[in-house]
Amino acid sequence: MNKGLQKLIIPLSASAILLGACGNSAPSSKDETLISSKAGDVKVEDVMKDIGSNQIASSSFKLLLGKILEDKYGEKVDDKKINEEIDSQIEKYGGKEQFESLLKQQKVTMDEYKEQRRLIEYQKLLLNEKVKISDKEIKDQTKKASHILIKVKEDDNDKEGLSDKEAKKKIEEIQKQLQKNPKDFDKIAKKESMDSSSEQNGSLGYVVKGQMVEPFEKALFKLKDGEISDVVKTDYGYHIIRADKQTDFNKEKAKLKSKLIQNKLQKEPKILTDAYKELLDEYNVDYKDRDIKNAIEDSILNPEALQKASQSSQSGQGLGV
């Protein structure tokens, strides 16, 4: 349900032969020869045709963006923290071997993944500067929540959950218990909830508007801190929701702001493309190749194109960040 910021970052790609030739001394002509032989020469133009302008533009822009953001924010990013987060992910996915296998499926090395994580942190710093969100807006758009879920079977072959009638009966029994002893919510959630959050006494942490299904969200955002909802029906089953007190709001505020920025980017990708354009102007970027310039402007710096690319890449994301 969450839409990650990484969905809007240009994906890693490789066009090493051409980019190596176009390094510090970029060719002034596509006729420049990269390799010669008695059978014929391979020129810059030949490689560009084979790889494609969009692929070259994507890789070139990724490298350029990385250099600029590292120059601007490199000292503000904590590599130790990134490594600790990656170690946590490695543990989550069952160890280093399993984690690297998942990366390999995405054709990404561990070093490339770490670099991608740095790029994400740089980009967060850029967007924190460009997107202004007040504490009040964060509080209005987020709620800390716990819930108890009694699942309803999707069909007769579904081994999880109960029939609709049984699930409704069970949640109503739980509701009666909570009306007598609301302080038993955590204990009941741990014992009865048919959701992975039961391990945390039903806690979902902070919920951002747009993250949950509509009936759940509508009920949650009507509650005051500490209040417990009536029974709420969703496609998953029957819920009872509690709005938890936001005692750790200041500690979680930065993460919540990042999530709200992500939501804004999904709706308004122009925020990101405008930030890129300002950055390119600041660093006096000068394109040496017209085709690459056009491809970058048409695909990467075009809000509509970037949004389409983001949407199409969502199904291919194997590792959450």
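**Figure 1. P303 is in contact with P269, K270 and T273, leaving aside its neighbours within four places in sequence.** Contact here means heavy atoms within 4.5 Å. The model is a predicted one, in which local features need pLDDT of at least 70 and side-chain atom pairs count only at pLDDT 80 or more, while totals for chains, interfaces and linings use all residues. Residues are numbered from 1 along each chain as its sequence is written, and side-chain values use heavy atoms, with hydrogens and water left out. P303 belongs to helix α14 (residues 303-313). Helices (H or I, at least four residues) and strands (E, at least two) are DSSP runs, numbered from the N terminus. With a relative accessible area of 16%, P303 is buried. Buried means under 20% relative accessible area, exposed means over 50%, and partly exposed is in between (1.4 Å probe, protein chains only). P303 and I271 are 32 residues apart in sequence, and their C-alpha atoms are 8.4 Å apart in space.

**Figure 2. The protein chain contains 14 helices and 6 strands.** Of the 321 residues in the protein chain, 38% are buried. Among contacts in the protein chain with a separation of 6 or more, 69% are between residues 24 or more positions apart.

**Figure 3. Four strands form an open sheet in the order β4-β3-β6-β5, with antiparallel pairing.** Two strands pair if DSSP finds at least two bridges between them. The edge strands, β4 and β5 (232-234), each pair on one side only. From one strand to the next, the twist averages 45°. Strands β3 and β4 are joined in the antiparallel sense by 5 bridges; K143 has V207 in β4 as its bridge partner. Between β3 and strand β6 (residues 237-243), which run antiparallel, there are 7 bridges, and the partner of S146 in β6 is R242. Strands β5 and β6 pair in the antiparallel sense over 3 bridges, and V232 is bridged to H239 in β6.

**Figure 4. Helices α8 and α11 lie against the sheet.** Helix α8 (residues 164-180) lies across β3, β5 and β6, and runs at about 25° to β6. Helix α11 (residues 249-267) touches β3 and β4, and its direction makes about 50° with that of β4. Axes are lines fitted to C-alpha atoms, for helices over the stretch in contact, and angles run from 0 to 180 degrees between N-to-C directions. Strand β3 (residues 142-151) is mostly covered, with 9 of its 10 residues buried.

**Figure 5. S197 sits in the loop between α9 (185-192) and β4 (203-208).** S197 has a relative accessible area of 4%, so this residue is buried. Not counting residues up to four places away in sequence, S197 touches H147, G202, S203 and L204.

**Figure 6. Helices α3 (residues 53-73) and α6 (residues 110-130) pack at an angle of about 65°.** Their axes are 10 Å apart. The two helices are therefore roughly perpendicular to each other. Angles under 35 degrees count as roughly parallel, over 145 as roughly antiparallel, 65 to 115 as roughly perpendicular and the rest as oblique. The crossing of α3 past α6 is left-handed. A crossing is left-handed if the near helix is turned anticlockwise from the far one by less than a right angle, and right-handed if clockwise. On the α3 side the contact is made by K62, L65, G66, L69, E70, K72 and Y73, and on the α6 side by L119, Y122, Q123, L125, L126 and E129. By class, this contact of α3 with α6 has 7 nonpolar, 2 polar and 4 charged residues. Ala, Val, Leu, Ile, Met, Phe, Trp, Tyr, Cys and Pro count as nonpolar, Asp, Glu, Lys and Arg as charged, and the others, Gly among them, as polar.

**Figure 7. Helix α6 also packs with helix α12 (residues 270-282), at an angle of about 100°.** The axes of α6 and α12 are 11 Å apart. This angle makes α6 roughly perpendicular to α12. Here Q123, L126, L127 and K130 in α6 meet L272, A275, Y276, E278 and L279 in α12. The contact of α6 with α12 divides into 6 nonpolar, 1 polar and 2 charged residues.

**Figure 8. V42 lies in strand β2 (residues 42-43).** V42 has a relative accessibility of 33% and counts as partly exposed. Not counting residues up to four places away in sequence, V42 touches T33, L34, I35 and V47. V42 and E32 are 10 residues apart in sequence and 8.8 Å apart in space, C-alpha to C-alpha.
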